[in-house]
Amino acid sequence: SGDWVDVDCRYNSVPQAIVPDAIKNYVKEHFPDTQIIEIERKRGNHEVKLSNKLELVFDKKLKIKGVDD
């Protein structure tokens, strides 16, 4: 359908235009010195990997569900 499923930039941040505002705002507020280097959509969730190696999981309403290190 042309929609992205997974964007992995490894060492650079993913394009800000594809990151939902709620996720950008959460990361900016709670992890201001990090970049989003990977984002993945699956089964209504968004999984985000940060440059500090933390992984965040957001539900389909873009509310934080969990943090993995």
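Tutor: Start with a cut-off: a residue counts as buried when its relative accessible area is under 20%, as exposed when that area is over 50%, and as partly exposed in between. Keep in mind that the model is predicted.

Now go to Pro20. It sits in the loop between strand 1 (6–8) and helix 1 (21–30).

What does Pro20 contact, leaving aside its neighbours within four places in sequence? The partners are Ile39, His46 and Leu62. Take His46. It is 26 residues from Pro20 along the chain, and the two C-alpha atoms are separated by 9.6 Å.

Next, follow the contact to Leu62. Leu62 lies in the loop between strand 4 and strand 5. Those strands, residues 55–58 and 64–68, pair in the antiparallel sense over four bridges. The hairpin has five residues between the strands. Leu62 has a positive phi of about 65 degrees, although it is not a glycine. Its relative accessible area is 23%, so Leu62 is partly exposed.

Finish with Lys53. It is in the loop between strand 3 (45–50) and strand 4. Its phi is also positive, near 75 degrees, and Lys53 is not a glycine either. Its relative accessibility is 55%, so Lys53 counts as exposed.

Note on methods
Residues numbered from 1 in each chain as written. Predicted model: local features only at pLDDT ≥ 70, side-chain atom pairs only at ≥ 80, totals over all residues. Heavy atoms only, no water. Pairing = 2+ DSSP bridges. Helix = DSSP H or I, 4+ residues; strand = E, 2+ residues; numbered from the N terminus. Contact = heavy atoms within 4.5 Å. Buried < 20%, exposed > 50% of the residue type's maximum accessible area, 1.4 Å probe, protein only.
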